[in-house]
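Please look over the sequence and the model below before reading on.

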Amino acid sequence: MTTFARSTFSAKAYAAFRPTYPASLFRTVLGFHQLPLHAESEAETTLLDIGCGHGLISRALSPHFRRVIAIDPSAGMIEQARRTTDDAKVAFRTGSAEDLSAFTRPASLDMAVAGQAAHWFDHSAVWRELARTLKPGGTVAFWGYMDNVLMGAEQATAVMEEFVYGFGEVAPGVEGMGRYWEQPGRNILRGLLRSVEVPGDNWKDVTRLEHEPGKQDSEDVTWLRKGMKLGEVEAYTRTFSCYSSWKDAHAEAKSRAEGGEGDVVDVMWDRMIDSVPEWKAMGERWREADVVSDWGTYIIMARRR
């Protein structure tokens with residue numbers, strides 16, 4: 001994915017404002033893997049974190065493994081991960097999912113995970129590489145999240161959808177961000193990776209867990225629903241890859257925080273606030289309003305034969 005290599009992309013902001021993963025998610029994937037709560041065996045156990053970003057998953061799962069290899073194609077992400085990780089067991093390297101030969105030996109991995117990354121993979125190559133590098137009985141877990149809805153604020157969610165995925169003008173003189181998503185990755189993610197098939201020849205026990213945003217499901221499925229301040233949601237929308245690309249194409253449009261008259265996200269939030277009377281009544285304090293954000297999510301798990 002090229003967005004993370006652009007000058008307008010901030011790995012620091014991505015780390016600060018992207019949602020974190022709850023303990024329930026890690027219990028689900030570790031339960032499938034059938035690891036004990038802590039790695040007590042003297043045997044070497046190795047985790048591969050693919051598309052590791054700023055190292056969130058590597059840090060969370062490190063206590064369960066003797067060694068963690070974390071790779072990401074973005075040098076900026078790897079730099080951010082190294083700055084924020086103090087764990088000698090975790091080795092961060094620049095690399096891609098499609099060629100693991102520089103990082104792993106055949107049948108050397110116990111588990112491979114990818115959080116919010118698998119929609120960018122060339123899956124024909126990735127599953128072949130994972131079959132080569134996973135031990136028999138080793139597991140794979142991919143998970144991710146798609147668009148969030150603001151619970152009880154359907155009109156504001158609709159405005160956000162229009163600006164984030166709209167083509168052409170979404171407000172006078174303001175182009176929507178729709179054409180700035182990198183494809184086909186975004187559409188694959190919005191489909192919760194249903195288009196990705198796990199090859200049956202090398203894998204068994206294939207399990208999929210899906211949650212459509214706004215629906216009521218069990219905790220192991222609804223693992224990314226959280227209370228937030230509107231200001232936090234606003235900051236999150238500025239981490240969207242489409243926004244980074246929109247800024248590249250509209251360098252003249254400065255956000256209000258940058259001293260400008262406002263960019264596409266500023267205008268989007270003006271419309272969102274106007275759509276909810278309670279938020280509008282708060283005036284300049286609207287960022288303090290409480291809201292529940294619910295993301296659509298998926299988990300795909302499989303075990304090496």
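This briefing covers helix packing, some individual residues and the backbone.

The structure is a predicted model, in which local features need pLDDT of at least 70 and side-chain atom pairs count only at pLDDT 80 or more, while totals for chains, interfaces and linings use all residues. Residues are numbered from 1 along each chain as its sequence is written, and side-chain values use heavy atoms, with hydrogens and water left out. Helices (DSSP runs of H or I, at least four residues) and strands (runs of E, at least two) are numbered from the N terminus.

**Helix packing around α10**

- Two packed helices are described by the angle between their axes and the distance between the axes. Here the axes are lines fitted to C-alpha atoms, for helices over the stretch in contact, and the angles run from 0 to 180 degrees between N-to-C directions.
- Helix α6, which spans residues 154-165, crosses α10 at roughly 155°, and the two axes come within 9 Å. α6 and α10 are therefore roughly antiparallel to each other, a term used for angles over 145 degrees, whereas under 35 counts as roughly parallel, 65 to 115 as roughly perpendicular and the rest as oblique.
- The crossing of α6 and α10 is right-handed, where right-handed means that the near helix is turned clockwise from the far one by less than a right angle, and left-handed means anticlockwise.
- On the α6 side the residues in contact (heavy atoms within 4.5 Å) are A156, V159, M160, F163 and V164, and they meet V264, V267, M268, R271 and M272 of α10. Sorted by class, this contact of α6 with α10 has 9 nonpolar residues, no polar ones and 1 charged residue; Ala, Val, Leu, Ile, Met, Phe, Trp, Tyr, Cys and Pro count as nonpolar, Asp, Glu, Lys and Arg as charged, and the others, Gly among them, as polar.
- Helix α8 (residues 230-237) also packs with α10 (residues 264-274), at an angle of about 145° and with the axes 11 Å apart, and this crossing too is right-handed. L230, V233, E234 and T237 of α8 make the contact with V265, D266, M268, W269 and I273 of α10, and by class it has 6 nonpolar, 1 polar and 2 charged residues.
- Helix α9, residues 241-249, has S241, C242, Y243, S244, S245 and W246 as its buried residues, and these pack against α6, β7 (174-175), α8 and α10.

- T133 belongs to helix α5, residues 123-133, and it counts as buried because its relative accessibility is 0%; buried means under 20% relative accessible area, exposed over 50% and partly exposed in between, with a 1.4 Å probe and protein chains only.
- A polar atom of the T133 side chain lies 2.9 Å from the backbone oxygen of E129. Residues up to four places away in sequence aside, T133 touches L100, T104, R105, P106, A107, S108 and L109.
- R128 is also in helix α5, but at 56% relative accessibility R128 counts as exposed. R128 and D99 are 29 residues apart in sequence, and their C-alpha atoms are 9.6 Å apart in space.
- A141, in strand β5 (residues 134-150), counts as buried, with a relative accessibility of 1%. When neighbours within four places in sequence are left aside, A141 is in contact with V29, M111, A112, V113, A114, I300 and M301.
- From C-alpha to C-alpha, A141 and R208 are 9.8 Å apart, although 67 residues separate them in sequence.

**Backbone details and loops**

- Most residues other than glycine have a negative phi, and most peptide bonds are trans.
- The peptide bond from Q183 to P184 is cis, with omega near 10°, and P184 lies in the loop between β7 and α7 (185-190).
- L192, which is not a glycine, has a positive phi near 55°. L192 is placed in the loop between α7 and β8 (203-211) and counts as buried at 1% relative accessibility.
- D205 likewise has a positive phi, of about 55°, although it is not a glycine. D205 is in strand β8 and is partly exposed, with a relative accessible area of 41%.
- G260 lies in the loop between α9 and α10 and is partly exposed, with a relative accessible area of 25%. Not counting residues up to four places away in sequence, G260 touches K254 and S255.

How values were computed:
Polar contact = N/O pair within 3.5 Å; in protein donor to acceptor, adjacent residues only side chain to side chain.
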